[in-house]
Amino acid sequence: MGRMASLKRQAQYQGLNERSLEILRLLAEGLSDREIAERLVMTVNTIKWYNRQIYSILGVGSRTQAIARARELQLLDQDNSSEAAVRVVSAASKRKLPLETTRFIGRQRETDDITRLLQSAHLLTLTGSPGTGKTRLALRVAADLRQQFLDGVYFIALAPVSDPALVPNAIAAALGVIEVVNQPLIVTLKHHLSRQQALLILDNFEHLLSASMLVSDLIAAAPDVKVLVTSREVLHLYGEQEYFVMPLALPHLEAGESLSALAEYESVAMFVQQARAVIPDFALTDENAHDVARICVRLDGLPLAIELAAARIKLLTPRTLLLRLNSRLDTLTGGAHDLPTRQQTLRNTIEWSYNLLDDGEKRLFARLAVFRGGGSLEAIELVCGIDLPIDVFDGLASLVDKSLVQQKASALGEPCFVMLQTLHEYAETCLQGSGEAALISRRHAEYFVGLAERAQPELRLAQQKYWSETLDGELDNLRAALEWSLRDGDVTLGIRIAAAVYLFWATYGYHVEGYRWNEQFLRRLDEVSITYQIAFLIGAGHMAFFYDLEIARDLFLQARELAQQSGEKRQLAWATIFLGYTMLREMAVASDTVEEGLALFRELHDQPGIAQALNILGEVARFGGDDQSAKRAYEECLIISQQTGETRRIRFIYSNLAFVAQHQGDHDRAIELGYKGLALAIEMNNRLELADSLAVLAGALSTSGQPRQAARLYGAWQGTMEKLEALTQPADKPEHDRNIASIRAQLDEATFSAAWEEGRALTLEQAASAALELRSGDPNR
């Protein structure tokens, strides 16, 4: 074949650049995609991208057909394929990208995803919160794919462009296109790009959205041009593909990970790299690793924030830097002078986005700072909607589009709107400067008082799981309302919240926290009405159960006296039965007191109250050694709880009956009840209930020839209780002490200690699985 024919063939298949031809030759040699990727130091997904392009250009549908077609066209000959390289060289000058001055870390999943999406999308927009590294990620993808675009990869920096009408000029300058007299520049650009195979990177488009139709026009005129946009907001164009760029992967602080494991996280690796830019011998050590990890978590994994923080290592140790990050915006300044101004401080980066908002969006953004950990749509509408010049839902949607707020699903699957902590800190400064902080904080507290008081009765009925998980999901907001009420707000609102959520605190393991809140409110109890005092004293007494029964008794006596004075019969009943529980060591007096409260509940036809009273009667009898009376009370309580659907109470009763069965030597029954309680705890998805069920089951197993397995489960129980800072019910403590002593007596100390530590090392889920495997007949696991 002559040179003219060869050139003609190359013109037909000019999409096969040098890299494509190289991959085609390796395919012909029989190498797999993975082997080709390893040889060329590329990802497997990138090789698959090239394969699809090769198939498309050659008009074939498989590897075998592609190889056959390439041989037919003599594309595998080195002499002929070199002609393709001529075109590659000629386009090299059109592929200049900003120089990467530091090593690109991680983001493999993101680069693979974006590469895959660019196969089909003509317009791909990378969105994300300020400082997430959208530009750097776009440049990395472009660098990986530069050989794929024969006519060039072009980076167009739009941050300096303030007028949307000048966007065509910025693109033309990057492409080297000269304006034609008497012809609109957009027409010239369309004509220039119409036969091009190029990738355009439009960086920082968010402030020029009114120019978005220009992008649509260029894509329509240039079928082989791809556009990769970075923006804090999508362009809202037909056919646009959005890709939300998340912050860098963060370590799990509660997991206590090793030094080597922490070093693998992208955020930690980036901190170390940037720290070495100012201290070349900086290294992650056992002494500083967890401080570095906490810094990364405190900064939400934002690359810009981590970069700015790491630069401070020249003057501060990681521990000192961590302490100073209570004010991120004031600490994270002093970025490199050759960076855009907006990237030299974290505050500037956020202000860039904030200044693009209209007045209504700015007010909503500031008001959202009152929420901790996010807020539901209902909460945001009621708290933030007052005198807002825009619709709350529309405003939220706009803030989500602009990457200043993220929409996530709560544990219950309902939409929740959250801010990264860095953005939240900025929003707080806006709220404090708005003059609205007091008003919005009060509305926030009032909303969560209402939520807590709606939940309180439901925690003793069939919907307790839903309401418990609702309160757990809103725990940070409840804390914020409690803090505000004590600091400079309305103490009545805080006392009402504490009174309403005590049962949640008790059953979810927040024993230490709940007790501390109550101590603070007790000092200001005389500032609220008697009605709220009674409810609070009952809740405070309940939390004091776990610490000191004498303190609890005094609180219930106060509540009882006030309830008698005010004629609040239901509250009198609650105060009375709980007062009886504090008298565990005086069985006769305790039983009479609880019976008095039980009679009041029966008069009121209050089924949850009756169930609680019967449960306490059983506790008093069991603690006093009267197992028959305990069993009768528990069984009656079980019937009522099954009628009301109070799953938590049913789980309690199974555990209590298991203790009684143990006392009576019915070990098979104790184990059966233990497993029933465990099944309910798993269904409830409550960590304290699950830990408690494991301990009850361990006690039952300890008397049935499985002491080592029992020791493991008790170890898991203890580990979980320590993590939760949870305490044991007074009536149950003697049971566990006795069971653990029995296990120790059956094992030598080394075996006992080894099994206990094995259990402590298990997650709660692993411990539950191990317990279930014991039942299935595999006791060695």
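Which residues does Asn686 touch, not counting residues up to four places away in sequence?

Reply: Leaving out residues up to four places away in sequence, Asn686 touches Thr507, Tyr508 and Ala681. Contact here means heavy atoms within 4.5 Å. Before going on, keep in mind that this is a predicted model, where local features need pLDDT of at least 70, side-chain atom pairs count only at pLDDT 80 or more, and totals for chains, interfaces and linings use all residues. Residues are numbered from 1 along each chain as its sequence is written, and side-chain values use heavy atoms, with hydrogens and water left out.

So where does Asn686 sit? You'll find Asn686 in the loop between helix 35 and helix 36. Helices here are DSSP runs (H or I, at least four residues), strands are runs of E with at least two, and both are numbered from the N terminus. Asn686 counts as buried, at 4% relative accessibility; the cut-offs are under 20% relative accessible area for buried, over 50% for exposed and partly exposed in between, with a 1.4 Å probe and protein chains only. Asn686 also comes within 9.2 Å of Gly509, C-alpha to C-alpha, though 177 residues separate the two in sequence.

Now look at Asn685. Asn685 lies in the loop between helix 35 (667-684) and helix 36, but with a relative accessible area of 57% Asn685 is exposed. Asn685 isn't a glycine, yet its phi is positive, at about 60°.

A positive phi turns up in another loop too. Ser403, a residue other than glycine, has phi near 65°, and Ser403 is found in the loop between helix 21 (392-401) and strand 7 (406-409). At 2% relative accessibility, Ser403 counts as buried. Lys402 is found in that loop between helix 21 and strand 7 as well, and Lys402 counts as buried at 14% relative accessibility. Setting aside neighbours within four places in sequence, Lys402 is in contact with Arg232, Glu233, Leu357 and Glu361.

Searching the whole structure turns up five cavities of 30 Å³ or more. A cavity is a set of points, on a 1 Å grid over the protein atoms alone, where a 1.4 Å probe fits but cannot get out, and its lining residues have an atom within 4 Å of a point. Grid points are joined across faces, edges and corners, and the volume is the space filled by probe spheres set on the points. The largest cavity has a volume of about 450 Å³. It is lined by 29 residues, and the closest to its centre are Phe546, Glu619, Phe652, Gln729 and Asp732. Among the elements that give two or more residues to this lining are helix 26 (491-508), helix 34 (647-663) and helix 36 (687-702). Helix 34 supplies the largest share, six residues. By class, the lining has 12 nonpolar, 10 polar and seven charged residues; Ala, Val, Leu, Ile, Met, Phe, Trp, Tyr, Cys and Pro count as nonpolar, Asp, Glu, Lys and Arg as charged, and the others, Gly among them, as polar.

Next come the aromatic rings. The count comes to 20 aromatic pairs, where rings of Phe, Tyr and Trp (its six-membered ring) pair if their centres lie within 6.5 Å, and planes under 30 degrees apart count as stacked, over 60 as edge-to-face and the rest as tilted. Take Phe545 and Tyr581: their ring centres are 4.7 Å apart and their planes are at 55°, so this pair is tilted. Phe545 lies in the loop between helix 28 (530-544) and helix 29 (549-566), while Tyr581 is in helix 30 (residues 569-581), so the pair ties together parts that are 36 residues apart in sequence. Phe545 is buried, with a relative accessible area of 5%, and Tyr581 counts as buried at 4%. Ring pairs also link Phe545 and Tyr581 with Phe556, Trp574, Phe578 and Phe601 into a cluster.

Finally, the overall picture: the protein has 40 helices and eight strands. Of its 781 residues, 56% count as buried. Among contacts with a separation of 6 or more, 71% are between residues 24 or more positions apart.

Key:
1 Å grid on protein atoms, 1.4 Å probe; cavity = no way out; pocket = protein on both sides within 12 Å on 5 of 7 lines; lining within 4 Å.
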